[in-house]
Amino acid sequence: MSVHFEERSGIVPCQTSWGVWYQTMEEVFIEVNVPPGTSAKEVKCVLGSKEIELFVKGREILKGKLFGTTVADEGTWTLEDKKLIRIVLMKSNREAGNCWQSLLEGEYCANAWVQDQMQRKLTLERFQRENPGFDFSGAEISGNFHGGGPDFSNLK
């Protein structure tokens, strides 16, 4: 079984006060550090197609409108080792050009460097999907990669 592109190439995390978030072409991952010993009963997580709410022990961690739209019934959350909440959201738009600039509208924004690195990574992930025989996980990209990079679909 082949290893996923993001596992070979690493991730581009956006640091926050509560943890990190990062993305692939298909998914947005949120990792929230919580007090050790937290139980699942102390977590309230609501995942909608455009909104998210996360409360731990009655304290609001995340609440607001997502930067992009997700498939609500495919979102999941898990509590790992009673100290890390991992949320996985499935993007509705799974194109390389759909690089979220922030997790929530106006909050948890990726700085310019992180945003650039995220877009590079999504573009390379697109190239990997279009050319499955090649390994782009360690590749560098320059030039026109914003918006998912150039469209080669009409070349034959």
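Lys44 and Glu53 meet through their side chains in a salt bridge, 3.6 Å from N to O. That term means a side-chain nitrogen of Lys or Arg within 4 Å of a carboxyl oxygen of Asp or Glu. Lys44 is partly exposed at 45% relative accessibility, and Glu53 is partly exposed at 23%. Buried means under 20% relative accessible area, exposed over 50%, partly exposed in between, with a 1.4 Å probe and protein chains only.

A word on the model. It is predicted: local features need pLDDT of at least 70, side-chain atom pairs count only at pLDDT 80 or more, and totals for chains, interfaces and linings use all residues. Residues are numbered from 1 along each chain as its sequence is written, and side-chain values use heavy atoms, leaving out hydrogens and water.

How many salt bridges does the whole structure hold? The search finds nine. Take Arg86 and Glu31: their closest N and O atoms are 2.4 Å apart. Arg86 is partly exposed at 24%, whereas Glu31 is buried at 18%.

Next, Arg129 and Glu125, at 3.2 Å. Arg129 is partly exposed at 42%; Glu125 is buried at 4%. Shared partners join Glu26, Glu125 and Arg129 into one salt-bridge network.

Now the rings. There are three aromatic pairs. Rings of Phe, Tyr and Trp (its six-membered ring) pair if their centres lie within 6.5 Å; planes under 30 degrees apart are stacked, over 60 edge-to-face, the rest tilted. Trp18 and Tyr108 have centres 5.2 Å apart and planes at 75°, so this pair is edge-to-face. Trp18 is buried at 7%, while Tyr108 is partly exposed at 22%.
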